[in-house]
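Let's take a friendly walk through this structure together. Have the sequence and the 3D view open, and turn the view as we go.

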Amino acid sequence: MTIIVDHISRQFGSFKAVDEVSLEIKTGSLVALLGPSGSGKSTLLRLIAGLEKPDRGKIWIGDEDATYKSVQKRGIGFVFQHYALFKHLTVRQNIAFGLNIRQVLKPRTKARVEELLQLVQMQGLGDRYPSQLSGGQRQRVALARALAVEPRVLLLDEPFGALDAKVRKDLRAWLRHLHNEVNVTTVFVTHDQEEAMEVSDEIVVMNKGKIEQIGKPAEIYDQPATPFVMSFIGPVNVLHGSSHLFHNNGFDRANPQIFVRPHDVVVATQASEPSTSAKVSRLINLGWEVQAELTLDDGQVVNAVLPREHFNELDLKSQQQVYLKLKDAKAFPVYAMS
């Protein structure tokens, strides 16, 4: 089911939560709304769901104008960060809740619940209560309950935000697999860049109520449209025009800043042309790789990430002089990092 957001705005007092946003979400796709707190991503999701009403603009779900339709008439399944399960109901009863409200016949409800228990890998746990489940299991039940009524669109608001890192990692892969099974148009909100990159078909990067860029994960990472996108999607060094790295790497000093990712900083122990000298100020062992903090002659600090094998070859030591080159650096206008 295609979703079209057409010049939608939503303001709370003087705060513009969503500012003239337009977006098309293709049928069957899994799309991440990604951005920092206050970027407008959750408000946009709630506007699609009908939990908020826009000040301006329209929302289309399929070929229907859903702008002012009630939540119940949109065919939406919504999953909240904190599960919102009914504590006094069992897993089966929670999953069946929406079907019972719609007065679906009992044999069909029972069959659908068992089908979903298998789909979300909760077989044998149907008679437990939410308090007897782990956080990851509760979120699976919440997803099963949302899917029970066969929604046209599935919306998830920070679905894994309340879980620990390992459970989040496991559930990401599971959500991707689940989406491939049910193939329902899915939109999820996250502030976790890695989560968005790993799970989604397409990422919508938001900042201050506006869309900065829309694209596939690889496009967003490799071809950032703005300095905000490059700085938000993965770690980055921001270097100012006084640095010798500008001239030595082919940048005009008229460019006030260049952005380069730590794995695109090439470190050598011997000088070559063109390269810039730096001193190793700190080495951080991350197991499979090593992060080196390198201080340029003008005092700017550059972070480089080195594979373990390359680090061992260089045999770097604290305070050692090294020489830097940049790969795939990008110039942007003046930009204040926040």
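This is a predicted model: local features need pLDDT of at least 70, side-chain atom pairs count only at pLDDT 80 or more; totals for chains, interfaces and linings use all residues.

Now zoom out to take in the whole chain. The protein chain contains 10 helices and 18 strands. Its C-alpha trace spans about 75 × 45 × 30 Å along the principal axes. Of its 338 residues, 49% count as buried. If you look at contacts with a separation of 6 or more, residues 24 or more positions apart account for 65% of them. The chain exposes about 16,300 Å², and carbon and sulfur atoms supply 51% of that area.

Let's go to helix α1, which covers residues 41-49 and holds Thr43. Is Thr43 buried or exposed? Its relative accessible area is 16%, and the cut-off for buried is under 20%, so Thr43 is buried. Which residues does Thr43 touch, once its neighbours within four places in sequence are set aside? They are Arg10, Phe12, Ala17 and Val18.

Next come the aromatic rings. A pair of aromatic rings is described by the distance of the centres and the angle of the planes. Searching the whole structure turns up three aromatic pairs. One of them joins Phe78 and Phe80 in a tilted arrangement, with 4.6 Å from centre to centre and 40 degrees between the planes. Phe78 counts as buried at 17% relative accessibility, while Phe80, at 34%, counts as partly exposed.

Another pair is made by Phe86 and Phe97: their ring centres are 4.6 Å apart and their planes meet at 45 degrees, so this pair is tilted. It links distant parts of the chain, with Phe86 in the loop between β6 (76-79) and α2, and Phe97 in helix α2, 11 residues apart. Phe86 is partly exposed, with a relative accessible area of 29%. Phe97 also counts as partly exposed, at 34% relative accessibility.

Just after α2, look at the backbone of Gln103, which takes a positive phi of about 60 degrees.

Glu150 lies in the loop between α4 and β7 (153-157). Its phi is near 55 degrees, a positive value in a residue other than glycine. Glu150 is exposed, with a relative accessible area of 54%. Asp328, found in the loop between β17 and β18 (330-332), has a positive phi of about 55 degrees although it is not a glycine. At 49% relative accessibility, Asp328 counts as partly exposed, because the cut-off for exposed is over 50%.

Five strands form an open sheet in the order β13-β17-β14-β15-β16, with antiparallel pairing. From one strand to the next, the twist averages 45 degrees.

Four bridges join β13 to β17 (residues 321-326), and the two strands run antiparallel. Along this pairing, Val266 has Lys325 in β17 as its bridge partner, and Ala268 stands opposite Tyr323 in β17. Which residues of β13 are on its covered face, and which on the uncovered one? Val265 and Val267 make up the covered face, whereas Val266 and Ala268 belong to the uncovered face.

Conventions. Residues are numbered from 1 along each chain as its sequence is written. Side-chain values use heavy atoms; hydrogens and water are left out. Rings of Phe, Tyr and Trp (its six-membered ring) pair if their centres lie within 6.5 Å; planes under 30 degrees apart count as stacked, over 60 as edge-to-face and the rest as tilted. Buried means under 20% relative accessible area, exposed over 50%, partly exposed in between (1.4 Å probe, protein chains only). Two strands pair if DSSP finds at least two bridges between them. Axes are lines fitted to C-alpha atoms, for helices over the stretch in contact, and angles run from 0 to 180 degrees between N-to-C directions. Contact means heavy atoms within 4.5 Å. Accessible areas come from the Shrake-Rupley method with a 1.4 Å probe; for residues, only the protein chains shown count as cover.
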